[in-house]
Every structure is written in structure tokens, then in C-alpha cells.
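Hi there,

Here is the model I promised to pass on to you.

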Amino acid sequence: MRSGLDREKKTNQYKSIKRMYIGKIKPLPLQQRLLCFLKSYSGIAMILGCICLSWAVLYKLVFLEIDAPWQWMSALGDVFYAITLSVVASVIFYFITTYFPNKKRKVIIDRLILKWLQQLNWYGEMILGDIADCGYNEVIDKSKEEWLKTCDKRLSSKPLLGNLYILGPYYNNWFEYFQDKFHHEDTYIKNSRQYKDELPVQVLDIFEKLESHDNLRNSVSEYNYQQNTKIKDKVFGENVVDFDAMSNLSELIWNHCQNLRSLIETYQKNSYV
């Protein structure tokens, strides 16, 4: 009997792992992409190169036609002209030998990384949608206040999920649901970390929050433990904590999902070099 249950559990896990969301990732608006580029090392180099090129052109066409009040100013102008030309040459050399070759490589790296970040983003929308009992596209339009009202559920109750779960996985309660989602989040984070040298520190910081400093994971584990020990509620000072009320965790769930949903945009904004 137990072996049958184990096989069913493994089958559910397999089906869950195989279900990956593949969709078109919305790029940042053009204006925002341009701003991110100009803030990057390559953008600063291009701005510096343009400034130096403009100064060199003005020096040759305008400044040389103006008589210098002192002889040393003319010599100083020649020095600055030589420096600006060397800066322009260095910038051109950098873009030809480094930026453009890396740009082609980055397109491939972006595709590999965003594939896994997209799964985490989808899980953020999935959790919100499953709890709110609405489509994952609909939950995007819900405000925080609207969504928090949908958390009036018992954690020990069986989740009533949509058609996506017809073939599994199946959950007896919301504790199993969250543990399964945490398991897959860890898998996708691990897959993303294969490219840690290419990940911005802002994305790694979110990973650290999700893996080590996530209060939702700790709270779900604690609530589950209290439920298994048959403790219905507990008094902390003047507050009585109901360990079966999802509403107690609503803020933590929302923040957890927002971290997941912010990964793609965070990567896009900070992956420029």
C-alpha cells in the first residue's frame, strides 16, 4: 500500500516538474532600455567618447581660429586634443574588440537565464492566482488590497485548484501546496545559479532572500508543525495566533510572490555591461 502511495507521489512530482511555462518575455520599454544602457559601463564609455569627439571637432574647426591670449593656452589645447583623440580611439577599440562580440554572447546567455527566471515569475503569479481562484492573467490586474481579501482560507483545507491541476499534482492541504511550490522554486533558482557569473548582484540578492531569509517559508513550516501537534491556536502576549488561518500569512505570501515576479525586470535592468 505504501509503495503505491510513494509511486503516486513521485508521479505527481514528475508531472509538476515537466510543467514548464514557455512564453514570450516582454522587453523593457525602449526609453528604459536606453537609460539602462547609458548607466552601464559601455554607455558611460560611449558618452565619454562622444564628448571627446565633439571637443576634438570643435577644437579643429572653431577654437584654432580664435587667437589665444597666452601662448601656453595654445600648447595646452594641443595636449587636450591629443588626449581626446586617444580616448576616442580607445572607445572605438573597446566596442569593436569587446562590446560587440560580448553582445552576441549575451543574447544567448539572456535566453538561458530568462528561461529559468520566467518559471519563477510564473510561480509568483500561479500562487497568487490559485489562492485568489482566478486566472493567472487576471491576478496581474488585482491590487494588493483586493488580493489580500481572498486569503480567507484554512490552511488545513484542500485547495480547490483550476484545470491546470487536472493531471496533478494533487494536494491534501495548503501546507503541501506551499511545500511543493517551494521545492520547485529551489530547483529553478539552482538552475539559474549555473550562470551566477552572469547574474547581476540584485538578482542574487533576491535569490538569497527567497532561500535563506524568506519569512513565508519559515512561517509555513512553523504553522504546519503546530497543526501536526494539534495546537489550534497560541497566545503571544495579547495576540492569539490561529495556525490554520491563511490570512495571517497573506502579507508574507504577497511579498514572496512579488519577489518572484520582480526577477525578470530586475535582471533586464541590471544586466547591461
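I call a residue buried when its relative accessible area is under 20%, exposed when over 50%, and partly exposed in between (1.4 Å probe, protein chains only). Helices (H or I, at least four residues) and strands (E, at least two) are DSSP runs, numbered from the N terminus. This is a predicted model: local features need pLDDT of at least 70, side-chain atom pairs count only at pLDDT 80 or more, and totals for chains, interfaces and linings use all residues. Residues are numbered from 1 along each chain as its sequence is written, and side-chain values use heavy atoms, with hydrogens and water left out.

Let me start with helix α3. Its buried residues are Ser 42, Gly 43, Ala 45, Gly 49, Cys 52, Ala 56 and Tyr 59. They pack against α2 (30-39) and α4 (71-132).

Now to the charged pairs. The structure holds eleven salt bridges (a side-chain nitrogen of Lys or Arg within 4 Å of a carboxyl oxygen of Asp or Glu). One of them joins Lys 144 to Glu 251, with the closest N and O atoms 2.9 Å apart. That pair links distant parts of the chain, Lys 144 being in helix α6 (residues 144-148) and Glu 251 in helix α10 (residues 250-261), 107 residues apart. Lys 144 counts as partly exposed because its relative accessibility is 27%.

Asp 244 forms a salt bridge with Arg 154, the closest N and O atoms being 3.4 Å apart. Asp 244 is at 9% relative accessibility and therefore counts as buried, whereas Arg 154 is partly exposed at 36%. A network of salt bridges links Arg 154, Asp 242 and Asp 244.

Best wishes

Terms used:
Contact = heavy atoms within 4.5 Å.
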